Amino acid sequence: MFFGGANGLRSEHHNGREEVHVNNECTQREESMTTIKAIRLASLVTAINVLVASGFSIAAIIRPQYLVPAESVPTEASLLLAMYAAARTIPLALFALGAIYKQATPALLILGALAGAMQLLDAGIGLFEHDLGKCAGPLFIAVLQFFVVYLLHRSVRITPQTKRG
């Protein structure tokens, strides 16, 4: 039996035959560090994304004059729409923050992609309003969100459990 060596090879003899194994401990450690960094980055971007989105929807309820054009007058209808927005963004934020806290990578992938899709739709609304600020900000956050979800997905190989019988 031969272990070690500078080249990372390990040789073992079993029942008269020799097996050579490549030591991939270093490769696994590098993949693990990449995964940890991807989880942290996706967690940070997703947390910022959902907290900002929730903050805007809460601000639209409490102080709508900060979000609507200066010539607009907040009405009961605008309050109702703000409450609808909050009813969607706040639960998403709570679930995303829960997934981040629990380090539930599959949930973070799904909720991060959903948060990115919502920002992309917000960018579409800004484009419809011909408001560059309301288009560029959400578009930037959506692209960043999709990028970190992609990095996380690539760094973690989520495979279905094999059925044991």
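**Leucine 120**

I started with leucine 120, which counts as partly exposed because its relative accessibility is 41% (buried is under 20% relative accessible area, exposed over 50%, partly exposed in between, with a 1.4 Å probe and protein chains only). This is a predicted model, where local features need pLDDT of at least 70, side-chain atom pairs count only at pLDDT 80 or more, and totals for chains, interfaces and linings use all residues. I noted that residues are numbered from 1 along each chain as its sequence is written, and that side-chain values use heavy atoms, with hydrogens and water left out.

Leucine 120 sits in helix α3 (helices are DSSP runs of H or I, at least four residues, numbered from the N terminus). What does leucine 120 contact, leaving aside neighbours within four places in sequence? I found Leu139, Ala142 and Phe146, with contact meaning heavy atoms within 4.5 Å. I also checked proline 138, 18 residues away along the chain: its C-alpha is 6.3 Å from that of leucine 120.

**α2 against α3**

Next I looked at helix α2 (residues 76-102) and helix α3 (residues 105-128), which pack at about 150° with axes 9 Å apart. The axes are lines fitted to C-alpha atoms over the stretch in contact, and angles run from 0 to 180 degrees between N-to-C directions. From α2, Thr89, Leu92, Phe95, Ala96, Ala99 and Ile100 meet Ala107, Leu108, Leu111, Leu114, Ala115 and Met118 of α3.

I then picked out alanine 107, which lies in α3. Alanine 107 has a relative accessible area of 28%, so I logged alanine 107 as partly exposed. Its C-alpha is 8.7 Å from that of phenylalanine 95, 12 residues away along the chain.

**Cores**

Which residues make up the largest nonpolar core? I listed 11: Ala38, Ala42, Val45, Ala47, Ile100, Leu108, Leu109, Val148, Val149, Leu152 and Val156. A nonpolar core is a set of buried Ala, Val, Leu, Ile, Met, Phe, Trp, Tyr and Cys residues joined through side-chain atoms within 4.5 Å. At least two residues of this core come from each of α1 (25-62), α3 and α4 (132-155). α1 gives the most, four residues.
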